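Please read them with the structure open beside you.

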Amino acid sequence: MKLINKTVSLTQRVLIYGPPKSGKTQLAGALAEHYNLIWFDLENGYATLTKLPSAYQDRIELISIPDSRVFPIAVETLLKVINGAECKICEAHGKVACPAAPCKEAYTRVCLNEISSDTIVVFDSLTQFSNSCISHITKNQADDYKLDYADWGQLAVLVDKFLSQVQVARYNVVCITHEAEVEMEDGKSKLVPVCGSTKSSRNTAKYFDNVVYEEL
């Protein structure tokens, strides 16, 4: 195909990052004025969204993922969801196809392959997704275990598996994460969006069309 005949996609992949309590969630939530939002809440931070006007809240489908060190469910669920196929996520545990009897009735159906242009998928946050990946990798280790070379490699694979799907998504995506100061390859320090290891975080922005830095 000639480049002149190539149609530019109108969907956007946006990354919002910054320090804690700088308004990242509120900024993304304000999109509900014009769009329907499918909101994956990995940090139990939905209280911020309850401050939005009721009309906005009515356009937000909230999917709570109760991720923790002892129950790192976010990495499992999001890697299934991001592939685009139909997923039934239980409301109690945030797990796809949860085997618990009550969860077979109380679930939210998500199929990203069916998302239209009037909907935005929000992942809040990549910081917690990274923590979930690490907890998943070290789940059989002692609490004071330090990641080795192979563990860091596995973390990079999980992060890239998720972000590479975001990069090619045919629907609107917003990812929220925190900032970290890291040393770049040229020796200079820079604030970067957190996702995975220091090396992965240096390259997180490359997967997105637009990057927004939020500050106090």
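**Notes on a helix and a strand**

1. The buried residues of helix H5 pack against strand S1 (13–18), helix H3 (73–81), strand S6 (119–124), helix H4 (126–137) and strand S7 (172–183). Here buried means under 20% relative accessible area and exposed over 50%, with partly exposed in between (1.4 Å probe, protein chains only), while contact means heavy atoms within 4.5 Å.

2. This is a predicted model, in which local features need pLDDT of at least 70 and side-chain atom pairs count only at pLDDT 80 or more, whereas totals for chains, interfaces and linings use all residues. Residues are numbered from 1 along each chain as its sequence is written, and side-chain values use heavy atoms, with hydrogens and water left out.

3. The buried residues of H5 are Asp151, Leu155, Leu158, Val159, Phe162, Leu163 and Val166. Seen down the axis of H5, they fall within an arc of 115° and so line one face of the helix, the arc being that of the directions from the helix axis to the C-beta atoms. On the other side of H5, Tyr149, Ala150 and Val157 are exposed.

4. Strand S5 (residues 107–110) has Thr108 and Val110 on its covered face, and Tyr107 and Arg109 on the uncovered one; helices (H or I, at least four residues) and strands (E, at least two) are DSSP runs, numbered from the N terminus. Threonine 108 is buried, with a relative accessible area of 12%, and, leaving aside residues up to four places away in sequence, threonine 108 touches Glu61, Ile63, Cys87, Lys88, Ile89 and Glu91.
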